[in-house]
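Here is a friendly walk through one protein model, meant for someone who has not seen it before. Please keep the picture at hand while you read.

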Amino acid sequence: MTDTGSSPHGRRLADGVHAFGTLREGDWYETPSRAVTAAHIDTFAELTGDRFEIHMTDDAARKHGFSGRVAHGLLVQSLVDGLKNQSTVTFQAIASLGWTWRFTGPVHIGDTISATIRLAGKRTTSGSGRGILFLDFEVRNQDGLIVQAGENQLLVSLG
């Protein structure tokens with residue numbers, strides 16, 4: 001169910017599962033938030049092998065003009081995908097079809113991130129009982145600064 005409140009950006013979606021047919025371009029919602037920790041960065045570096053120095057030590061990050069260690073951009077994007085999936089607003093999702101993404105600002109240890117997700121468009125796929133949602137993301141830190149942004153194409157069920 002979508003609430004009747006609207007803004008210049010469209011309707012804010014109420015909690016619950018939203019069917020493809022009820023969604024309109026401009027519909028939006030906020031994800032939960034999550035603090036980024038040193039353990040997140042260390043674990044991501046271990047899993048991926050990405051130990052670029054700005055991620056691993058405060059001194060190296062400062063050498064490159066940052067105030068301290070910087071979270072991997074792909075780590076933050078992965079956390080945002082998790083926040084999308086933990087949200088009380090959901091879709092009848094089947095699979096992610098791809099991402100177009102920008103890293104616009106650093107995320108440091110102790111920063112708290114959340115995302116605003118807006119429906120930029122949708123289309124059905126021929127004869128499959130499926131559709132694609134084009135979801136625009138703005139990821140903000142605790143100060144309201146946009147640190148990442150982009151689009152996710154999400155394959156969903158029409159039923």
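## A first look inside

Leaving aside neighbours within four places in sequence, His-72 is in contact (heavy atoms within 4.5 Å) with Ile-41, Phe-44, Ala-45, Asp-50 and His-55. You will find His-72 in the loop between helix H3 (58–63) and H4. With a relative accessible area of 1%, His-72 is buried; buried means under 20% relative accessible area, exposed means over 50%, and partly exposed lies in between, using a 1.4 Å probe and protein chains only.

Before going on, a word on how to read all this. The model is predicted, so local features need pLDDT of at least 70 and side-chain atom pairs count only at pLDDT 80 or more, while totals for chains, interfaces and linings use all residues. Residues are numbered from 1 along each chain as its sequence is written, and side-chain values use heavy atoms, with hydrogens and water left out.

## The overall plan

The protein has four helices and ten strands. Both kinds of element are DSSP runs numbered from the N terminus: helices are H or I with at least four residues, strands are E with at least two. Starting at the N terminus, the order is β-β-β-β-β-α-α-α-α-β-β-β-β-β. Along its principal axes, the C-alpha trace spans about 55 × 35 × 20 Å.

Of the 159 residues, 40% count as buried. The protein exposes about 8,200 Å², and carbon and sulfur atoms supply 53% of that area; these areas come from the Shrake-Rupley method with a 1.4 Å probe, and for residues only the protein chains shown count as cover. Among contacts between residues at least 6 apart in sequence, 63% join residues at least 24 apart.

## The nonpolar core

In soluble globular proteins, nonpolar side chains tend to be buried together. A nonpolar core here is a set of buried Ala, Val, Leu, Ile, Met, Phe, Trp, Tyr and Cys residues joined through side-chain atoms within 4.5 Å. Which residues touch the most other members of the largest core? Of its 28 residues, they are Val-80, Phe-91, Ile-113, Leu-133 and Leu-135. Two or more residues each come from helix H1 (38–48), helix H4 (73–86), strand S6 (89–91), strand S8 (112–124), strand S9 (130–140) and strand S10 (146–157). H4 gives the largest share of this core, five residues.

Beyond its neighbours within four places in sequence, its contacts include Lys-84, Phe-91, Ile-117 and Leu-154. Lys-84 sits in helix H4 and is buried, with a relative accessible area of 6%. Apart from neighbours within four places in sequence, Lys-84 is in contact with residues including Tyr-29, Trp-99, Leu-135 and Phe-137.

## Aromatic partners

Rings of Phe, Tyr and Trp (its six-membered ring) pair if their centres lie within 6.5 Å; planes under 30 degrees apart count as stacked, over 60 as edge-to-face and the rest as tilted.

| Pair | Ring centres | Angle of planes | Kind |
|---|---|---|---|
| Trp-99 and Phe-137 | 5.4 Å | 50 degrees | tilted |
| Trp-101 and Phe-137 | 5.4 Å | 65 degrees | edge-to-face |

Trp-99 lies in strand S7 (residues 93–103) and Phe-137 in strand S9, 38 residues apart. Trp-101 is also in S7, 36 residues from Phe-137. Trp-99, Trp-101 and Phe-137 form one aromatic cluster. Are its members buried or exposed? Trp-101 and Phe-137 are both buried, whereas Trp-99 counts as partly exposed at 28% relative accessibility.

## Two loop residues

Phe-20 is in the loop between strand S3 (16–18) and strand S4 (28–30), and counts as buried at 9% relative accessibility. Phe-20 and Arg-130 are 110 residues apart in sequence and 9.0 Å apart in space, C-alpha to C-alpha. Setting aside neighbours within four places in sequence, Phe-20 is in contact with residues including Gln-92, Lys-122, Leu-133 and Val-156.

Gln-142 belongs to the loop between S9 and S10, and is partly exposed, with a relative accessible area of 42%. Not counting residues up to four places away in sequence, Gln-142 touches Asp-111 and Thr-112.
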